[in-house]
Each structure stands twice: as C-alpha cells, then as structure tokens.
Amino acid sequence: MSAMTDTLPGSGTFARGVHPPERKGLSGPKAIEVLPTPKQVAIPLLQHTGAPCEPAVKPRDAVALGQVIGTSQAFISAPVHASVAGVAQMGSVATLPNGRHVKTVPIKAEGEQLEGEALLADVFGGDWPTQGLHTHEPKAIAQAVRDAGIVGLGGAAFPTSVKFARNEAKPVDVLLVNGCECEPYLTADYRLMMEYPAPIVTGALLAAHAAGAKRVVIAIEDNKRDAAEKVRAAAGGTHVEVAVLHTKYPMGGERQTILAALKREVPTGGLPLDVGVVVINVGTAAAVARAVLRGKPLTHRVVSVTGAGVREPKNLLVPVGVSYGELIDFCGGLTDDAARIVAGGPMMGFTLADLSTPVTKGTSGVTVLTRDDVRRAEQTNCVRCGRCVDVCPLRLVPTKMAMAAKFRDWELAKRYHLQACCECGCCGYACPASIPLVQLIRLGKAQIPKE
Ligand code: SF4
Ligand code: SF4
C-alpha cells in the first residue's frame, strides 16, 4: 500500500533557508491549458547539460511532430525532436536566458497539428498502469528515455537516462521524485500533480526499476497538501510513498529534499548517488512513463506564466521552441506596471532580455514582476551581519565567495567551495545591504579556471 506521512523518515525539513512570499495563488487555481500551435518554433540544439546536438534535418525538409531533428553520440546528451509538424528552416542562433548562445533548428508549422484537448489527452491522458512494469528491462527503459530526449524538467536539464546508468560502487536504493516546486510563483508541477498524478506514479515506478531502487518516495511541500492527496490516491496499491515536507525555500534543491525526506546528507561537492539516491522531478517522471509505455518523445511541457505583471496568469502546455513572448501574449499581455520578465521564478530565474527567446525543455515558468515587486534599496557596504551565512542551506560563506569572485581570487574561491553553491539566492534575499551575492557567485563560477 502507498504510505503518506509528514516525517518520513527525515525530519521533513532542513536547516537554514528562507521563507519568501509564495505568491502561488496567481496561477495555482488555473487548470492546464493548451497553447495554440505557434506559426514557428526555434528548437535549440543544446537545451541540456552535456554535449550539443548536431542537426539531423536540412532546411526545407518536411518534419513530422516528434521527429528527431538533432542528435549527439556523446553519453551525456539528449536528442531533440520537432514539437510541431512543418518545414525546417535555415538554422539560426538564439541566446538563452542564462546568456548561452546556442544553434537552433527553426520549424515553420504547416499541415495538420495535434493540439487542444487531443494534445492534452495524447500527452497525459489514458490509462497508466502501475502493475507489471517489471517486464520492462532496466536497460530498455534507459534507452527509451534517452531516445525520447528526456532531461530533468525541474530546471537543471540533466539527461535523465544518464541517472539510470548502474554504478556498482554506488548502488541506488531510493528513487526520490521531487514535487516540491519551492520557487515562489511557479505552479506547473502543482497543476500536473493535481490533474495528472497517474503518469507521475507510473513513471516513478519505471524510473526506480531502471535505477535499481527498491524504494520510491514522492516529496511534496505541505503548502500543496491537496496535490499530495491526489498523488497518494494515484499511488494506491503500489509501494510508492508520499512524503509531505515543510514549506521552506529551497526545499526543491535536491540536497535539501534528500535531507528532509530521507535524512541523508549529500557531501559538499558530491552527488545524490553518493548517498544511494536518484532524484527526478514529477514532470520528468510523467515524461518517462510516456516514453517507455507509448514511445513518445519530449516535445511539450507545462509552463507557468505568472506574476502580477501579466494580465491573466495561466499554466500552459506548450511546444518546446515557442517564444516566451507568445506565452505572454496568450495570457493577455503585460500590465502597465510590468517591470521585469524572469525566465523561471524570482529566486533562481534569469532576467529575460529578449522575448523572442525560445522555451526549452528545462523552462518551468515565466514570471513577470511589477515595479513594486522589483523596488530594492540602494546597495551599501557589507555590514558584516552574517545573515547570508545564517540562511545558506549548504553552510557556505556567501560573502567570502562573492568577494573572491569579484576580485578573481580563485584560490580563495576554491577554499570557500564556490563551485558547490547551488545558486539558490537565499543569501542575496537575506542581505540587508542589497549586495548581489548570487550574481557575483554565478559570475565567478562561470569564470573560475577549470582544472
Ligand atoms: S551561497 Fe549559494 S547556496 Fe548559499 S545561499 Fe547563496 S546562492 Fe544559496
Ligand atoms: S548578509 Fe550582506 S551585509 Fe550581511 S554579512 Fe552577508 S553580505 Fe554582508
């Protein structure tokens, strides 16, 4: 039987962290809607951690929905697929929100498209079995996940099939499915759990089998108890456990989720694998189920379009490669006091400079902040209050790392474990001097010489 508990067997929380205003009420009550097929998409050939893909189609080639349009032979990579039916255009370059320049394959939509209710039913609908899944060979599951181009949909976009590769020195005993969605504003995972919990449970069971994990735990924050109930009901008759954790930012960071749900501490600079855990996001789990049982690639994802700066916040099922601007237009456009558009949520997201930027597999939301939201005090000198240290969930020393990055003192940066920072933004949020700590640290991480 599935189990649900608030203290399973971790403490349900972690030390430090912050409690920013949640603001999930803007898009949280809105059921997932399907974005009408755009006239054109631009699909990045690198939208994952690892090697970029090479184009597998030429300009003017006709492409079908789900057809492979980019591949790579590298182990850490993921193919990309057409998210609309149409005709491939001349390749172009897009700048992603993190500043990375990537090649894209633009596709002009032509002919009959799968859209509306039919698309929703195709992606999430129908029966999702929870029994007899052991007949799928672990290697076959990993291959189907690779072929489908599945990457972590929580934002990190690490190729999921790589997480299923067995490592005899580090056996896995727990598959942890992350449904915390701790970023303020974002509600894409919440809606998925509310409306389509069945493919999440099926995908979690398949992923656990692929990774060799006996236990399956789905972790959800206690500000989403209704979603936890839906998932628990869908997991009835299985050994899937639902752990309800305290609401605290950044609970969704995999180290914090593992600590809170399982009481295991990932070492600094280590990986969940070091403590026998593989972590995937709830959306990733649903994509695994669809890939393995239906042979369907990852072409669409749920995105929250939210914030007080957008007229009608929504949760949308969108094709990969559509522009952020089209999502905002479909939600009624910007309000008069819209001041900043963020790809993702306000804590970890990146400010968008160009609304033609394409949505990728890792895009969980777009948050439009108003003038009131972004009003900040002037930056002053560090007052040595220690608040940034007090809130860092990884027990780092943000002020030292930021200074090391600012003055390019890479020895100091290494001594303070700059690379271990998960860029959660808690330090900057807590700083009374408005020092852009996480921006400095991010810059340092990008510039520090690689060994
Ligand atoms: S130093 Fe990094 S991990 Fe620590 S609070 Fe700041 S952003 Fe988060
Ligand atoms: S929180 Fe800001 S002011 Fe306080 S010690 Fe850290 S950097 Fe300095």
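Q: Where does Gly25 sit?
A: Gly25 is in the loop between strand S1 (3-5) and S2. Keep in mind that this is a predicted model.

Q: How far apart are Gly25 and Arg376 in sequence and in space?
A: They are 351 residues apart in sequence, and 23 Å apart in space, going C-alpha to C-alpha.

Q: What makes strand S16 mostly covered?
A: S16 takes in residues 314-319, and six of its six residues are buried. To be called buried, a residue needs 20 or more other C-beta atoms within 10 Å of its own. In S16 that goes for both ways the residues point: Lys314, Leu316 and Val318 one way, Asn315, Leu317 and Pro319 the other, and all are buried.

Q: How do you know that S2 and S16 pair?
A: Pairing takes at least two bridges. S2 (residues 32-34) and S16 have three, in the parallel sense, so they pair. Val34 stands opposite Leu317 there.

Q: What about S15 and S16, parallel or antiparallel?
A: Antiparallel, over six bridges, with S15 covering residues 300-306. Here Val305 faces Lys314 of S16.

Q: Why do S17 and S18 count as paired, with how many bridges?
A: Two bridges join S17 to S18 (residues 350-351), and the strands run antiparallel. The cut-off is at least two, so two bridges will do. Ala343 is opposite Phe350 in S18. The two strands form a hairpin with six residues between them, and Gly344 in the turn has a positive phi of about 100°.

Q: Which other strand is joined to S17 by five bridges?
A: That's S19 (residues 365-370), running antiparallel to S17 (residues 338-343). Val342 stands opposite Thr367 in this pair.

Q: What makes up the shell around ligand 1, by class?
A: The shell has 12 nonpolar, one polar and one charged residues. Of the 14 residues around ligand 1, Cys392, Cys421, Cys424, Cys426 and Cys427 come nearest. Cys counts as nonpolar, so those five belong to that class. Helix H15 (437-447) gives the largest share of the shell, three residues.

Q: And which residues come nearest to ligand 2?
A: Cys382, Cys385, Cys388, Cys431 and Ala433, out of the 14 around ligand 2. That shell divides into 10 nonpolar, two polar and two charged.

Notes
Residues are numbered from 1 along each chain as its sequence is written. Chains are lettered from A and ligands numbered from 1 in the order in which they are written. This is a predicted model: local features need pLDDT of at least 70, side-chain atom pairs count only at pLDDT 80 or more; totals for chains, interfaces and linings use all residues. A residue is near a molecule or strand if its C-beta atom, placed from the backbone, lies within 6 Å of it. Helices (H or I, at least four residues) and strands (E, at least two) are DSSP runs, numbered from the N terminus. A residue is buried if 20 or more other C-beta atoms lie within 10 Å of its own, exposed if 12 or fewer, and partly exposed in between; C-beta atoms are placed from the backbone.
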